[in-house]
Amino acid sequence: MSRKILVLPGDGIGPEITAEAIKVLDACRAAGLDIELSEGKVGGDAIDATGVPLPDETLEAAKAADAILLGAVGGPKWDKLEDISKRPEKGLLGLRKHLNLYANLRPALLYPQLAEASSLKPEIVSGLDIMIVRELTGGIYFGQPRGIEQRDDGTRYGYNTYVYDEHEIRRIGRTAFELAQKRGKKLCSVDKANVLEVTILWREIMNDLARDYPDVELSHMYVDNAAMQLVRAPKQFDVIVTGNMFGDILSDEAAMLTGSIGMLPSASLNEQGQGMYEPCHGSAPDIAGQGLANPLATILSVAMMLRYSLAEFELAERIEQAVGDVLDQGLRTADIAYAGTQQVSTSEMGDAVVAAFNKR
Ligand code: NAD
């Protein structure tokens, strides 16, 4: 049966990079993948067309899709919108919420050809391959009550609630253990159990789950130490699992270890395996429309889609190998170019990946 993929190009460089990812999906189709592609609007693009960042039509199409490929949303044009509920980012948050995409998978993988691009010494990052599993629909970003209030004496205070239900911890824990089983069989759970009760419960549940995954070695680390270890000795990690806020920060830190934000894909999954796949970067309005954007993060997001939502493991690997091949050929978009490499445009990079894919 043909699988449905919804493409949401979005804003800024979104349309340019998704166009290259579609070329790769077309190459997969030519190699036998049975998919049906459709396109929709989200973010600023949707605001311009319909007045809202997540039109009903897009949401319905997203619910019916097996997987969604998103470019990026946002840009200066919409930053001045006073009604926050109508900002482009609300389109993304709405999709996460309505589809219940609770598991955010963010690999930080350093292609050996790009070891020089990292701000850390090559020997510290060379061969880096970490998977950060961030809980995405709970924790302090969503906890109630929250607000800014005024005391009787006129001073104000702000507050948020850091809360996790047992089932939310168990669910993200299982996702992380299962991923660790398929990788290096090491899972590090990051918390702040010396200070926060909610993460004492988190730790207890991770320990409880570990009994079901005897082949995975579970360790625990406080978040402050994890932030330090990521820049001190990042290769000690295989899979990291953590809550929404800690994951937000640590996954950006891990991303920077690899040097270029233009190389990093991500997946957000729900319990049915339905997923939204997108590059980690934003809409890069500063380079939009100039053929400068690196499409590889989006192309690698297609590889994640094939692996995690469509169970097409061989095609996923073939795309990743094709990306390695073009880097071996010395082809680079501007963000990862250095002396001795050949600078190519967004579309030339996409074409090169397709050519390498077809050769494999
Ligand atoms: P950004 O990631 O868009 O850009 C940061 C820097 O990285 C810029 O210099 C940009 O040119 C560069 N860059 C990003 N992606 C690149 C690529 N593929 N190739 C080459 N260079 C690339 O972050 P920002 O500038 O803080 O945000 C710009 C807009 O994107 C804002 O409106 C923001 O809200 C939005 N944003 C969207 C998402 C998303 O859609 N998931 C995520 C982050 C930011």
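## The largest pocket

In this predicted model, α7 (166-182) contributes five residues to the lining of the largest pocket, the largest share of that lining; helices (H or I, at least four residues) and strands (E, at least two) are DSSP runs numbered from the N terminus. The space in this pocket comes to about 720 Å³, and, among its 31 lining residues, L105, M131, L179, R307 and Y308 are the closest to the centre. A pocket is here an open set of points, on a 1 Å grid over the protein atoms alone, where a 1.4 Å probe fits and where protein lies on both sides within 12 Å along at least five of seven lines, while lining residues have an atom within 4 Å of a point. Grid points are joined across faces, edges and corners, and the volume is the space filled by probe spheres set on the points.

Besides α7, elements that each supply at least two lining residues include β4 (103-109), β5 (129-135), β11 (265-269), α11 (296-308) and α12 (313-328). The lining consists of 17 nonpolar, five polar and nine charged residues, where Ala, Val, Leu, Ile, Met, Phe, Trp, Tyr, Cys and Pro count as nonpolar, Asp, Glu, Lys and Arg as charged, and the others, Gly among them, as polar. Because domain 1 (1-102 + 271-360) and domain 2 (109-269) both give residues to the lining, the pocket lies between them; the domain bounds come from an automatic or database domain assignment.

## The second largest pocket

The second largest pocket holds about 540 Å³ of space and has 26 lining residues, with L92, R96, E278, C280 and H281 nearest its centre. Its largest share, five residues, is supplied by α5, and the elements giving at least two residues each are β3 (67-72), α5 (89-98), β4, α10 (244-257), β11 and β12 (275-279).

By class, 11 of these lining residues are nonpolar, six polar and nine charged. This pocket also lies between domain 1 and domain 2, because both give residues to its lining.

## The ligand site

The ligand is surrounded by 20 residues, of which V73, G282, A284, D286 and N294 are the closest; a residue counts as near if one of its heavy atoms lies within 4 Å. Nine residues of this shell are nonpolar, seven polar and four charged.

An oxygen atom of the ligand is 2.8 Å from a backbone N or O atom of A284, an oxygen atom of the ligand is 3.0 Å from a polar backbone atom of G75, and a nitrogen atom of the ligand lies 2.9 Å from a polar backbone atom of N294. Of the 800 Å² of accessible area that the ligand has on its own, the protein covers 67%, with areas from the Shrake-Rupley method and a 1.4 Å probe.

## Backbone geometry

Most residues other than glycine have a negative phi, and most peptide bonds are trans. The peptide bond from Q144 to P145 is cis, with omega near 0 degrees, and P145 lies in the loop between β5 and β6 (147-150). K185, in the loop between α7 and β8 (186-191), has a positive phi near 65 degrees.

## Basis of the values

Residues are numbered from 1 along each chain as its sequence is written, and side-chain values use heavy atoms, with hydrogens and water left out. As the model is predicted, local features need pLDDT of at least 70 and side-chain atom pairs count only at pLDDT 80 or more, whereas totals for chains, interfaces and linings use all residues.

Definitions and conventions:
Polar contact = N/O pair within 3.5 Å; in protein donor to acceptor, adjacent residues only side chain to side chain.
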